[in-house]
Amino acid sequence: MKILVTGGTGFIGSHTVVELQAVGHEVIIVDNLSNSSADIVDKIELISGIKPELEIFNLSDKELTADFFKRNKDIDGIIHFAAFKAVGESVQEPLLYYRNNLESLVNILQGMKDSGIQNIVFSSSCTVYGQPDELPVSEDAPIKIAESPYGNTKQISEEIIKDTVKATDILAIALRYFNPIGAHDSAIIGELPLGIPNNLMPFITQTAIGIRECLSVFGDTYPTPDGTAIRDYIHVVDLAKAHVIAVDRMIQGNMANEFEVFNLGTGNGYSVLEVINSFEKVTGLKLNYKIVDRREGDITQVWANPDYSNNVLGWKAERGIDEMTLSAWKWEQVLANK
Ligand code: UFG
């Protein structure tokens, strides 16, 4: 099958391309390289032996996107990753986020409608749940008012998709990710944060390798066992595999509803200090860190109830926290030797 992967040179996108190729799908990537580079397709080829096709343009451009879909009516399914994702930046530049993340989605859905392409998997986030009232959080938990314009683009995108599915033949699956970390086993692809990382795992590995002096742990007075905030970290390869299952489910006509939502998490929550402990254990290194104030907008704790994904998709996250932190470290070491 021919699968369009938007944002396919990014962190989760590139790992998903590899998994799609592994089961025999042909992949075409559309990416504007705003947070990645074109040589990722060579890295993908190193792993899979197949160089995916890459078209470089901005999906927020209505004409270019319409032209792409006119030329590619034979696409069987779309996995839509392409989006801005920095929470803090979205607070500073909300219009940039709304324009980029929402216009691109609308253009893609229009292209699907015009070209008769039926299937789309959308990259959503557990951020839509905010601080959930009950843990673990299931797919039917209420959507909370978004903490950031970034989070709001995920909520609004799900609404746009829901309305479009009702009015057209389009089918959609939204995958709500918890906290993706780690890198491919080959350490040929991984996360490439631009500038100072916002996220915990790349900050840990950059501190350990000496790029950053000290990791700031944002708060140790949360109502959790060790006082630091808890998240459901998931290995990016486990996450990537779920996308293949989701897109196959649609193409094979196995969906129970025209719009389905799945949590992608392990079901286990780890505190910031537990992640640091895992990293220190698997690497044998001592990480330089200090406790500082809480980060604005952070929730106390969230972890997934993955039962619905496990049962309905037949997918389960297989890699534990130690495997995640070790693979992130191997990747950081590869980057350091470049
Ligand atoms: N943290 C630190 N120090 C750092 C970075 C993070 O202590 O330098 C802590 C955070 O306070 C949080 C945990 O590590 O408790 C995880 O933080 P991340 O920034 O890695 O991840 P978040 O849970 O804040 O954010 C992630 C995604 C967002 C998404 C959000 C939904 O990055 O895209 O989950 O909750 F919106």
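This report describes the ligand site and the cysteines of a predicted model.

## Basis

Residue numbers start from 1 along each chain as its sequence is written, and side-chain values use heavy atoms, with hydrogens and water left out. In this predicted model, local features need pLDDT of at least 70 and side-chain atom pairs count only at pLDDT 80 or more, while totals for chains, interfaces and linings use all residues.

## Shell around the ligand

The ligand is surrounded by 18 residues, a residue being near if one of its heavy atoms lies within 4 Å. Asn199, Leu200, Ser216, Arg231 and Asp298 are the closest.

Helix 7 (200–209) and strand 8 (215–218) each contribute at least two residues to this shell; helices (H or I, at least four residues) and strands (E, at least two) are DSSP runs, numbered from the N terminus. With four residues, strand 8 gives the most. By type, the shell has nine nonpolar residues (Ala, Val, Leu, Ile, Met, Phe, Trp, Tyr, Cys and Pro), three charged (Asp, Glu, Lys and Arg) and six polar (the others, Gly among them).

## Ligand atom pairs and cover

A nitrogen atom of the ligand lies 2.7 Å from a backbone N or O atom of Ser216. Ligand oxygen is found 2.8 Å from a side-chain N or O atom of Arg295 and 3.4 Å from a polar backbone atom of Asn198. On its own the ligand has 680 Å² of accessible area (Shrake-Rupley method, 1.4 Å probe), of which the protein covers 89%.

## Cysteines

The structure contains zero disulfides (pairs of cysteine sulfur atoms within 2.5 Å).

Terms used
A polar contact is a pair of N or O atoms within 3.5 Å; within protein, one must be able to donate a hydrogen and the other to accept it, and residues adjacent in sequence count only if both atoms are side-chain atoms.
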